[in-house]
Amino acid sequence: MKFQDKKVLIRVDFNVPLDKDFQVTDDTRIRGAIPSIKQLIERGSAVIIMSHLGRPMKKLKEDGTIDKERFTLRHIVHRLSKLVGQPILFAEDTVGEDAQRKVADLQPGQILLLENTRFEPGEKKGDKELAQKMANLADIYVNDAFGTAHRAHASTAIIASFFDKKHKTFGLLMEKEIANANKLLNNPERPVTAIVGGAKVSDKMLLLDKLIDLADNIIIGGGMAYTFFLANGGKVGNSLVEQDRLQLAKELQEKAHQKGTNIYLPKDSIVADDFNANAHTLVVNSDEIEDGWMGLDIGPEAATAFAEVIKKSKTVLWNGPMGVFEMAPFAGGTHAVAKAVAAATQNGAFTLIGGGDSVAAINQLGLADKVSYVSTGGGAMLKFLEGAKLPGIEAIEA
Ligand code: AMP
């Protein structure tokens, strides 16, 4: 593809957290897109960047209008400029007069950031007219927004239909995400261990089903473990359970048994008498939790057992915390797993942190560079691993 002197529109995921003064508090996603942006500049393109930020349509002002002050992408211009090492021009709209004028004036080597795509009512609806207006801004479309690849929005998927195969491509981040996910899915080195945690079984049902076919070992922790214990006839007190998923928990275990996939549940738990960092705590067997107590983390025996399995693995996927790691007394299990994943990596395993809260945990411990790959896309990575076709990826390949 020829990039020299071309206007290139790159969709990135700059949906970063901001504090009350609109300062960027975590720039991981911005940094993720920098290699692609720099590469386009080096290749002599005029670079137009577009992204969404937050949910402006869900959080309208009292008078029913968009809160532009809160959701403008102008908030990130300064940080972006520092990270790319050159000034960033900014358009006050996404496809309106200002964007069109500034795009027309844009020279090779310059970077223009468009206003939040979600200020456009057609964005989330995947509106064709809006997508065409976006497409009209550029000669080439690059999709580097893995975090939104599971959405068929105007800027992430529909727009790609206005470019032929010679004028659309993946960005470097997107390529890396896909390559790493595929490394796990296609002929992974064995044993393969998947660690699945987080609040609910219902969110990870399809993932677990897929993993039973793929993995040798599945470690289950976090709130979802108690639905399994209850399904198996245990006592879980006031722990988080999904009564309507008891049958599913049984079926998943039955399928694992038939396929010869080991399922590891946490033998013991740290239980608390309140959902609170200052609550009283005890260590008990996970299937013998008294009423009035709830399991908020895996116990020390479980942490040791899980770490053993992880360290012996050659491929590891981790998605979801082992407990309520946001509160220090219940973060130990998640931290133990994070350290075991880092140790496995050191032993030569390929380790993939599959997005969301496990990424926060690995960052909390400063271990992000001690694992093979940390995904930037929570929901998108989950869907990809489940085997779903992601609209953002399909649209580029079409
Ligand atoms: P998810 O988004 O499904 O990965 O879930 C992450 C959330 O699950 C985190 O906010 C954790 O605090 C929460 N979580 C993990 N373990 C438990 C537990 N035992 N009880 C209640 N919530 C939990």
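Guide: Two strands pair if DSSP finds at least two bridges between them. Strands (E, at least two residues) and helices (H or I, at least four) are DSSP runs, numbered from the N terminus. This is a predicted model, where local features need pLDDT of at least 70, side-chain atom pairs need 80 or more, and totals for chains, interfaces and linings use all residues. Residues count from 1 along each chain as its sequence is written, and side-chain values use heavy atoms, without hydrogens or water.

Visitor: Which residue is the bridge partner of isoleucine 270 in β14?
Guide: Strand β11 covers residues 268–272 and pairs with β14 in the antiparallel sense. Four bridges join β11 and β14. In β14, isoleucine 270 bridges to aspartate 297.

Visitor: Which strands stand at the edges of the three-stranded sheet?
Guide: The sheet is open and antiparallel, in the order β12-β11-β14. Each edge strand has a single partner, so one side of it is left without a neighbour in the sheet. The edges are β12 (281–285) and β14 (294–298).

Visitor: What is the average twist from one strand to the next in the β12-β11-β14 sheet?
Guide: The three strands form an open sheet. Angles run from 0 to 180 degrees between N-to-C directions of axes fitted to C-alpha atoms, for helices over the stretch in contact. From strand to strand, the average is 40°.

Visitor: What angle does α10 make with β14?
Guide: Helix α10 spans residues 300–311 and packs on this sheet. It touches (heavy atoms within 4.5 Å) β11, β12 and β14. Its direction makes with that of β14 an angle of about 35°.

Visitor: Which strands are at the edges of the six-stranded sheet?
Guide: That open sheet has parallel pairing and the order β10-β8-β7-β15-β16-β17. An edge strand here pairs on one side only. The two are β10 (262–264) and β17 (373–374).

Visitor: Which residue in β10 is the bridge partner of isoleucine 219?
Guide: Strand β8 (217–220) runs parallel to β10. Three bridges join β8 and β10. The β10 partner of isoleucine 219 is tyrosine 264.

Visitor: What angle does α11 make with β15?
Guide: Helix α10 lies across β7 (192–196), β8, β10 and β15 (315–319), at about 150° to β8. Helix α11 (332–346) packs on the sheet too, touching β7, β15 and β16 (350–353). Its angle to β15 is about 155°.

Visitor: How many salt bridges link domain 1 and domain 2?
Guide: Domain 1 (7–170) and domain 2 (178–386) come from an automatic or database assignment. Six residues of domain 1 contact eight of domain 2. For salt bridges (Lys or Arg side-chain nitrogen within 4 Å of an Asp or Glu carboxyl oxygen), the count between the domains is zero.
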